[in-house]
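Reader: Hello! Could you take me on a close look at how the ligand is held, and then at whatever else is worth a glance around it?

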Amino acid sequence: MRQKVSVIGAGNVGATTAQRLAELDMFDLALVDVVEGLAAGKALDLAESGPVIGYDTRLTGGTDYAITKGSSIVVITSGLARKPGMSRDDLVTANARIVSEVTAEVVKHSPDAVLIMVTNPLDAMTELALRVSGLDRFRVIGMAGILDTARFRSFLATELSVSVRSVEAYVLGGHGDSMVPLRGITNVAGVPIGKLIEAERLESIVQRTRDGGAEIVKLLKTGSAYYAPAAAAVQMVEAIASDRRQVFPSAVRLQGEYGLSGVVMGVPVKLGAGGVIEVIELALTTAEREELGRSAEAVREVTALLQ
Ligand code: TXD
């Protein structure tokens, strides 16, 4: 029997995630959205793509969480996306209501699921889902670090005219303006990035990474990025479902790691069966450690709005 994966929210990120998952031909999929007909229609459309692409993924869509019963992984994308001029944090009140309601329904039908959170503000919504679900901190994981790191890697690859595959980097911290690209360990085929790009230029690439989401919101005008976010969420699903034990930056609640506690933010984690297997502690420079501390403060401020 195939593992069941559910995607909540059949909007841009949710539907694109479902499409990529369907094409993997590994899972049974359920797609839920509050808008009548939206998830059912997209699930049917995706099922009808199977004969052309060549997959047998069984897809169900609807508004009733009964279709998600027995999921081993649930990706939560439901909520409002940013409009031009809005910060991710502006979404907190509206999305908190949606994420609480959705998380409660999800765990009622799949008490043993691993939850991958996507809704913004990401770190606060992951904290909220932890509280509502009562699940272990290693089973409720936020997707942002893979995306932020992918943006950084893609800008560096373009700058140096080298394959994205040869650029190694990590972006840690909160998913917001305070995110922390680790300049110290970023390298191209082992050569430190500081030896390849002069400091001022590197800082402008770091800043473009921080503004990567806003750059796309400004271009699209009616919504935010979804191809790269969906690709990142699917990479997490695959690593967990196949117990790959691959290390990715992801948001988890810290309990002493990196000297921080009681705050959800992006750190490198080993993803495998059951979610996070361990948090990896990288050796950071003093400046990076300070930046991470400041990022934790920024996340705490937004998370405090939840009460
Ligand atoms: O890095 C990241 N984590 C992110 C986060 C990258 C990209 C997008 N990010 C956030 O994900 C974004 O700021 C939003 O908060 C979510 C979803 O973004 P998306 O672009 O998919 O938004 P859409 O297209 O508006 O889709 C949201 C769907 C839409 O179909 C709504 O009808 C549905 O969510 N929705 C609900 N579904 C179920 N239940 C409830 N209550 C509900 N409310 C809205």
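Predicted model: local features only at pLDDT ≥ 70, side-chain atom pairs only at ≥ 80, totals over all residues.

Author: Happy to! A polar contact here is a pair of N or O atoms within 3.5 Å.

At Val13, a polar backbone atom is 2.8 Å from an oxygen atom of the ligand, while at Val118 a polar backbone atom lies 3.0 Å from a ligand nitrogen. Around the ligand there are 31 residues, and those that come nearest are Asn12, Val13, Asp33, Leu80 and Met143.

Now for a look at another residue, Asp28, which sits in strand β2 (residues 27-32). Asp28 counts as buried because its relative accessibility is 13%, and the cut-off for buried is under 20%. Its side chain makes a polar contact of 3.2 Å with the side chain of Arg58. Leaving aside residues up to four places away in sequence, Asp28 touches Arg2, Gln3, Lys4 and Val5 as well as Arg58.

Three strands form an open sheet in the order β7-β10-β11, with antiparallel pairing. Its edge strands, β7 (167-168) and β11 (191-192), each pair on one side only. Strand β10 (residues 187-188) pairs with β11 over two bridges, in the antiparallel sense, and Asn187 has Pro192 of β11 as its bridge partner.

Note on methods:
Residues numbered from 1 in each chain as written. Heavy atoms only, no water. Pairing = 2+ DSSP bridges. Helix = DSSP H or I, 4+ residues; strand = E, 2+ residues; numbered from the N terminus. Buried < 20%, exposed > 50% of the residue type's maximum accessible area, 1.4 Å probe, protein only. Polar contact = N/O pair within 3.5 Å; in protein donor to acceptor, adjacent residues only side chain to side chain. Contact = heavy atoms within 4.5 Å. Near = heavy atom within 4 Å.
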